[in-house]
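Please read this report with the sequence and the 3D view side by side.

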Amino acid sequence: MTDKAVAARDERYMRIALGLAARGLGNTWPNPAVGCVIVHDGRIVGRGWTKVGGRPHAETEALQQAGAAAHGATAYVTLEPCSHHGHTPPCAEALIEAGIARCVVALEDPDPRVAGKGLALLREAGIKVDDGCLANAAAELNAGFLLSREQSRPLVSLKLAVSLDGRIGTHTGDSKWITNPESRRRTHLLRAQHDAIMVGSNTALQDDPELTCRLPGLPLRPPVRIILDGRLRLSLTSRVVATARDVPTWVVTRSDADPTRRDAFRDCGVEVIGVEPDQAGFPDLVQAFAALSERGLTRILVEGGGKLAASLIRADLVDRMIWFRSPSMIGGDGLSAVAGFGVDTVAEAPRWRRVRADILADDLLETFVRPL
């Protein structure tokens with residue numbers, strides 16, 4: 001087989017592994033979402049992806065399915081097999097013990113406990129290792145995990161649902177529903193694919209949202225609900241607080257917030273996270289996301305409101321922009337999707353790169369990423 005044919009074959013199986021890995025998004029934190037395919041004599045004999053809470057790992061699942069057929073086979077793995085002992089034995093050792101002849105890896109794991117050690121173990125055991133197959137696609141899929149290891153912060157996706165003129169509500173505050181049912185279903189799918197959903201205190205007070213994923217069969221692990229509330233204004237009778245013992249609910253506030261209020265939230269089952277205030281007196285966002293990363297979160301979907309969106313953009317913390325747009329007009333007296341954040345000239349305006357556009361009935365969904 002020519003080198004070109006081998007590369008094409010490897011990419012075909014790696015795409016299958018990436019598809020499997022994507023099934024774990026939103027469910028595997030603090031671990032990455034990994035997929036594994038085991039191929040013997042041109043036939044897939046094992047498939048696996050990281051399960052809820054990060055284990056069992058993808059390789060373990062695929063090897064168990066493959067059984068004896070793993071001997072002499074090729075394993076396609078979207079992220080370097082782990083080499084350290086944690087809650088489960090190292091996946092690199094499991095592949096060696098199964099008698100894998102070749103291992104194709106998309107991406108090296110930046111976790112310092114791994115960082116090339118897994119690949120080295122495989123090579124030392126005489127297994128042929130080829131890395132870098134569809135590395136960009138693998139990095140995109142696990143961008144949150146990579147950011148958590150390299151920058152100590154999660155991936156931030158800012159989701160906005162707006163009218164044609166960029167409004168999220170009327171001058172009276174009415175906002176239900178700007179987008180159509182198909183767009184709202186897609187929003188729930190996005191929630192299922194993220195570790196957590198974040199809103200600001202104004203949105204929580206005005207809308208009293210549930211912030212849950214309401215799709216049949218999804219998610220296996222409910223996303224954490226996060227309220228950014230510097231003054232602990234959130235009502236103790238709000239829906240998120242009332243259900244905090246059933247769905248993980250965290251409030252990020254100032255470190256000097258009223259201790260009595262903090263205790264009241266904790267008594268309701270809410271985890272209260274205190275961070276230092278920024279110059280404007282709000283919880284410092286960089287510290288907030290670092291604290292969330294320390295707790296294992298890798299992917300956060302921010303759903304509002306306008307002040308929080310502006311603060312995130314001003315702090316250069318938005319990695320993905322998910323923009324739902326309906327064919328309606330609200331007018332200049334409506335509520336803006338993004339509050340002012342001090343742009344003086346057009347040249348200073350932050351820009352993103354559009355990577356996808358989808359038509360959802362009569363709505364438009366555009367996805368933007370941080371430019372390279």
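This is a predicted model: local features need pLDDT of at least 70, side-chain atom pairs count only at pLDDT 80 or more; totals for chains, interfaces and linings use all residues.

Residues are numbered from 1 along each chain as its sequence is written, and side-chain values use heavy atoms, with hydrogens and water left out.

Helices (H or I, at least four residues) and strands (E, at least two) are DSSP runs, numbered from the N terminus. Buried means under 20% relative accessible area, exposed over 50%, and partly exposed in between, with a 1.4 Å probe and protein chains only. Helix 3 spans residues 91-98, and its buried residues are Cys91, Ala92 and Leu95. These buried residues fall within an arc of 110° when helix 3 is seen down its axis, so they line one face of the helix. The arc is that of the directions from the helix axis to the C-beta atoms. An α-helix has 3.6 residues a turn, so residues three or four places apart point the same way. The cover over the buried residues of helix 3 includes helix 2 (58-66), strand 3 (74-77), strand 4 (102-105) and helix 4 (117-124). Glycine 99 follows helix 3 and has a positive phi, near 85°.

**Two cores**

A nonpolar core is a set of buried Ala, Val, Leu, Ile, Met, Phe, Trp, Tyr and Cys residues joined through side-chain atoms within 4.5 Å. The largest nonpolar core has 38 residues, of which Met14, Ile38, Ile100 and Cys103 touch the most other members. Elements that give two or more residues to this core include helix 1 (3-22), strand 1 (35-40) and helix 6 (143-150). Helix 1 gives the most to this core, with five residues. Apart from it lies another core, of 33 residues, among them Leu285, Leu297, Ala309 and Ala310.

**The cysteines**

How many disulfides does a search of the whole structure find? The search finds zero. A disulfide is a covalent bond between the sulfur atoms of two cysteines; the cut-off used here is a pair of cysteine sulfur atoms within 2.5 Å. For cysteine 103, the nearest cysteine sulfur is that of cysteine 36, 7.3 Å away. The sulfur of cysteine 133 is 11 Å from the closest cysteine sulfur, in cysteine 103, too far for a bond.

Contact means heavy atoms within 4.5 Å.

| Residue | Relative accessible area | Class |
|---|---|---|
| Cysteine 103 | 1% | buried |
| Cysteine 133 | 12% | buried |
| Threonine 187 | 9% | buried |
| Serine 336 | 34% | partly exposed |

Two strands pair if DSSP finds at least two bridges between them. Strand 1 and strand 2 (residues 43-49) run antiparallel and are joined by six bridges. The bridge partner of glycine 35 in strand 2 is tryptophan 49. Two residues lie between the strands of this hairpin, and aspartate 41 takes a positive phi near 55°.

Strand 1 also pairs with strand 3, in the antiparallel sense, over four bridges. Cysteine 36 stands opposite valine 77 there. Between strand 3 and strand 4 the pairing is parallel, again over four bridges, and alanine 75 stands opposite cysteine 103. In strand 3, Thr74 and Tyr76 point one way and Ala75 and Val77 the other way, and all are buried.

An open sheet of nine strands has the order 11-10-9-8-12-6-13-16-15, with mixed pairing. Which strands stand at the edges? They are strand 11 (271-275) and strand 15 (353-360), each with a single partner strand, so one side of each is left without a neighbour in the sheet. The twist averages 20° from one strand to the next.

Strand 6 (residues 155-162) and strand 13 (residues 320-325) run parallel and are joined by six bridges. Leucine 160 has tryptophan 323 as its bridge partner in strand 13. Helix 7 (residues 181-192) lies across several strands, including strand 6, strand 8 (196-200) and strand 12 (299-304), and runs at about 160° to strand 13. Such angles run from 0 to 180 degrees between N-to-C directions, with axes fitted as lines to C-alpha atoms, for helices over the stretch in contact.

**Two single residues**

Threonine 187 has its place in helix 7. Not counting residues up to four places away in sequence, threonine 187 touches Lys159, Glu303 and Phe324.

Serine 336 is found in strand 14 (residues 335-336). Serine 336 and serine 255 are 81 residues apart along the chain, and their C-alpha atoms are separated by 30 Å.
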